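Here are a few notes to read alongside the model.

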Amino acid sequence: MHIQIILRVIGLLIMIFSLTLLPPIIVSLIYQDGALQAFLSALLINLVSGLVIWFPFRKHRGDLRIRDGFLVTVLFWSTLGLFGSVPFFLATDPHLSFTDSLFESLSGLTTTGATILTAIDDLPQSILFYRQWLQWLGGMGIIVLAVAIMPMLGVGGMQLYRAETPGPVKDSKLTPRIAETAKALWYIYATLTVVCTLGFWAAGMSFFDALCHSFSTVAIGGFSTHDASIGYFNSVTIEIICTIFMVISALNFGLHFYAWRTRSVWHYFKDPEARFFFFLLGSAISLSTLVLILTSTFDWQTSLRYAIFESVSIATTAGFSTSDFSVWPHFLPFLLIVTSFAGGCASSTGGGMKVIRILLILKQGFREIQRLVHPNAVIPVKVGGKAIQERVVSAVWGFFSAYLLVYVILMIGLMATGIDQVTAWSAVAATLNNLGPGLGEVAANFASINDPSKWMLCFAMLLGRLEVFTLLVLFTPMFWQK
């Protein structure tokens, strides 16, 4: 373990992160909203802290190994959440405790979208911008951005990329050089953000709202500058634009990269994960629309409108809302929360277990049924006509088991603090899947739950963002053995 190199990297990245406070400082200056001092103080605290960590180890050079990569990834996301909370803690509006500040910061950076804030419409514009900005930075993973600049820092970045990249297979690269890969992904990400901003602006949002909502839409975060979320605008056009970009951002960015290189979109319809993703969305939309119409909750047009938006929003783990789905009839609230477990595709900004894993689990289950009929048959698990290695299938089952085990333990932990079962079940799902809204007490926000529960949910956000194993591996004795 190269502790000196790790601390040097962490110090550098914290100093770089401190510079991301410049945009909200500019917003505060433009609107004269009274939050300038909090952001200036936060920038100074973060910059000095990063310098103190970096300076003693500034001369240490070397490549990070796989174990170092895991440790840097976990430490960076943890420290980022901590230093990202400083402006919230120092601001007078809102006046937040340390726990609430950390919760809001981690929720933004992990693109969870769960909030403890109320009366969001009345907050200073720079605070509103900062929440959205955190989600945009976290959307593609700040570690991926760091990979692009690692060569300049004298540290190899491939191990970080492997530790951060979601999906069952972590060895593939879009381009031969990892820095080029990271840059290509960020170009695509930035382009989607610009187009989304222009779309929202043309549809009737103010430029400020359009920019802020494009940040959280492309990041699949779900934060909004209004308490009523996207429903505040009451615009079908805005909802259509938001839905389109949520779907685009929940697809594998490797497909977007390939589309950019080949100037073709046909591969989206040939990709088995994308096809299964569209099938899940279509099923959720159809069931929701049917139940809303049959129960006379809304007329058929309104039912279709709300069903499309809410199904896509929850299934992609964005968490925007135009209607309070938690009070929808029968099984619909439960159904929509369950769809968030699949979440987005691998290498997307979505949360959840990832669609490709769910597809592999289903195919593996079907294979076991076939083996009951033909015990001696050799039946490979295939995706897109290609056989998947048994090692990958085994890893997916291991991930699924760990995910459910962590989920149950966290839910029991929340219930032990006095939270009711529905709230506990949905709160863990909302944070572990990086979704945001839940049911019961956490349908609107997380302000009313106790501090021990908030700390457990912060841990759940990190677990979800880091794909469980990246964080859990640090708790194994083998990881720390020489």
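**Notes on the cavity and the annotated site**

1. Helix 15 provides the largest share of the lining of the largest cavity, namely 3 residues. Please keep in mind that this is a predicted model. Helix 15 spans 272-294, and helix 17 (332-342) likewise supplies at least two of the lining residues.

2. Sorted by class, that makes 5 nonpolar and 2 polar residues, with no charged ones. The volume of this cavity is about 40 Å³, and the count of cavities of 30 Å³ or more comes to 1.

3. Turning to the annotation: the unreviewed UniProt entry marks as "binding site" Thr 111, Thr 112, Ile 220, Gly 221, Thr 317, Ala 318, Asn 434 and Leu 435. These positions are spread over 325 residues of sequence, yet they cluster in space, with a largest C-alpha distance of 9.2 Å.

4. Gly 221 sits in the loop that runs between helix 11 (207-218) and helix 12 (236-250). Is Gly 221 buried or exposed? Its relative accessible area is 0%, so Gly 221 counts as buried. Beyond its sequence neighbours within four places, Gly 221 has contacts that include Thr 111, Thr 112, Ala 318 and Leu 435.

5. Leu 435 belongs to the loop between helix 20 (421-432) and helix 21 (451-465). Leu 435 is buried, with a relative accessible area of 0%.

Definitions and conventions
Residues numbered from 1 in each chain as written. Predicted model: local features only at pLDDT ≥ 70, side-chain atom pairs only at ≥ 80, totals over all residues. Heavy atoms only, no water. UniProt positions renumbered as here; feature names shortened; annotations may be inferred. Helix = DSSP H or I, 4+ residues; strand = E, 2+ residues; numbered from the N terminus. Buried < 20%, exposed > 50% of the residue type's maximum accessible area, 1.4 Å probe, protein only. Contact = heavy atoms within 4.5 Å. 1 Å grid on protein atoms, 1.4 Å probe; cavity = no way out; pocket = protein on both sides within 12 Å on 5 of 7 lines; lining within 4 Å. Points joined across faces, edges and corners; volume = space filled by probe spheres on them. Nonpolar A, V, L, I, M, F, W, Y, C, P; charged D, E, K, R; others polar.
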